[in-house]
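Hi there,

Here is the structure I promised to pass on to you.

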Amino acid sequence: YTATTSAGATGYSWSVPAGATIISGQNTQSIEVVWSGISGGNVCASAVNLCGISNPTCLPVTVALSGAPSTPSGDSIVCAGAVKVYSVSPVPGATDYTWSVTGGTITSGQGTISVIVSWSNTSGTICVSASTLCGVSQNICKQVTVNNIPASPVPAGAPSACPGGTYTYISGAVPGAASYNWTVTGGTVSGGQGSTNAQIDWAGNATSGTVCVNAANTCGTSADSCLLVSLSTPAAGPINSVCDGTGQFYTVTFPVS
């Protein structure tokens with residue numbers, strides 16, 4: 001800090017607030033001050049000569065803090081394509097906020113304490129730093145998991161069945177799926193709804209049917225995958241094959257004595 005030249009002065013007397021330290025230049029026209037741990041105060045100078053000391057002239061000084069922002073608030077688990085808001089509390093003395101995202105795009109709010117992010121289909125991070133007169137803070141980041149709609153499962157089981165029979169159809173587990181939804185034409189789902197295994201009761205008069213399944217989670221439902229099933233009653237004649245779940249009569253002929 002430098003004082004203007006005062007005619008007749010032989011020296012200059014300086015004062016600074018508690019918490020600041022004059023490290024060089026006392027009694028001269030310029031001083032060097034270290035600021036530490038305070039919000040600011042007045043730097044004052046008086047002109048000195050053999051006749052005395054003048055009234056002080058002061059300059060108010062504000063000390064800017066260089067603190068980092070808090071961890072961004074907002075959802076840490078989102079669905080692909082979701083649009084979410086993230087924010088931080090104001091940092092004292094901050095003049096700007098710089099946001100960055102991986103796995104998404106900032107659509108508005110850059111430079112402020114709150115941004116809107118459109119997430120893609122991959123997990124990532126959202127980070128923010130604060131700028132003050134003293135510089136730029138470190139990045140503070142939040143991990144965000146992006147979930148996707150599950151892929152379509154594939155049903156498997158008997159492609160041919162007997163009317164009136166009960167059959168089990170299965171679906172392989174799909175990553176990220178929370179439940180499985182089964183639908184049937186030509187029959188009914190009698191058990192296993194919501195799981196990877198479903199029991200199907202085929203109608204007694206059905207000639208064909210379909211078994212369909214999709215996978216669901218909090219982000220949505222996949223497309224149906226279907227299996228076409230042929231339904232037919234065995235032809236009349238000697239019974240050497242039967243349908244699961246059906247009853248058959250068998251007889252023997254006793255020899256005549």
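Below is what I found, topic by topic.

A word on the basis first. This is a predicted model, in which local features need pLDDT of at least 70 and side-chain atom pairs count only at pLDDT 80 or more, while totals for chains, interfaces and linings use all residues. Residues are numbered from 1 along each chain as its sequence is written, and side-chain values use heavy atoms, with hydrogens and water left out.

**Disulfides**

Counting a disulfide as a pair of cysteine sulfur atoms within 2.5 Å, there are 4 disulfides. One of them joins cysteine 44 to cysteine 58, with the sulfur atoms 2.0 Å apart. The torsion about this S-S bond is about 105°, so the link is right-handed. Cysteine 44 sits in strand E4 (residues 40-49) and cysteine 58 in strand E6 (residues 57-62), so the bond ties together parts that are 14 residues apart in sequence. Strands here are DSSP runs (E, at least two residues), numbered from the N terminus.

How accessible are the two cysteines? I call a residue buried under 20% relative accessible area, exposed over 50% and partly exposed in between (1.4 Å probe, protein chains only). Cysteine 44 is buried at 10%, and cysteine 58 is partly exposed at 39%.

Another disulfide connects cysteine 127 and cysteine 141, again with sulfur atoms 2.0 Å apart. Its torsion is about 110°, so this disulfide is right-handed. Cysteine 127 belongs to strand E12 (residues 124-132) and cysteine 141 to strand E14 (residues 140-147), so parts 14 residues apart in sequence are tied together. Cysteine 127 is buried at 7%, whereas cysteine 141 is partly exposed at 39%.

Cysteine 212 and cysteine 226 are also joined, S to S 2.0 Å, and with 110° about the S-S bond their link is right-handed. This pair links strand E21 (residues 208-217), which holds cysteine 212, to strand E23, which holds cysteine 226, 14 residues apart. Cysteine 212 is buried, at 9% relative accessible area.

**Aromatic pairs**

The structure holds 2 aromatic pairs. Rings of Phe, Tyr and Trp (its six-membered ring) pair if their centres lie within 6.5 Å; planes under 30 degrees apart count as stacked, over 60 as edge-to-face and the rest as tilted. Tyrosine 86 and tryptophan 119 have ring centres 6.1 Å apart and planes at 80°, so they are edge-to-face. Tyrosine 86 is in strand E8 (residues 83-87) and tryptophan 119 in strand E11 (residues 114-119), 33 residues apart. Both tyrosine 86 and tryptophan 119 are buried.

The rings of tyrosine 169 and tryptophan 202 lie 6.2 Å apart between centres with planes at 90°, so this pair is edge-to-face. Strand E17 carries tyrosine 169 and strand E20 carries tryptophan 202, 33 residues apart, and both residues are buried.

**A sheet around E17 and E20**

Which strands make up the open sheet, and in what order? There are 4, in the order E15-E17-E20-E19, with antiparallel pairing. Strand E15 (155-156) and strand E19 (187-191) are at the edges with a single partner strand each, so one side of each has no neighbour in the sheet. Two strands pair if DSSP finds at least two bridges between them; E17 (residues 166-171) and E20 (residues 197-202) are joined by 5. Threonine 168 stands opposite glutamine 199 in E20.

Enjoy exploring!
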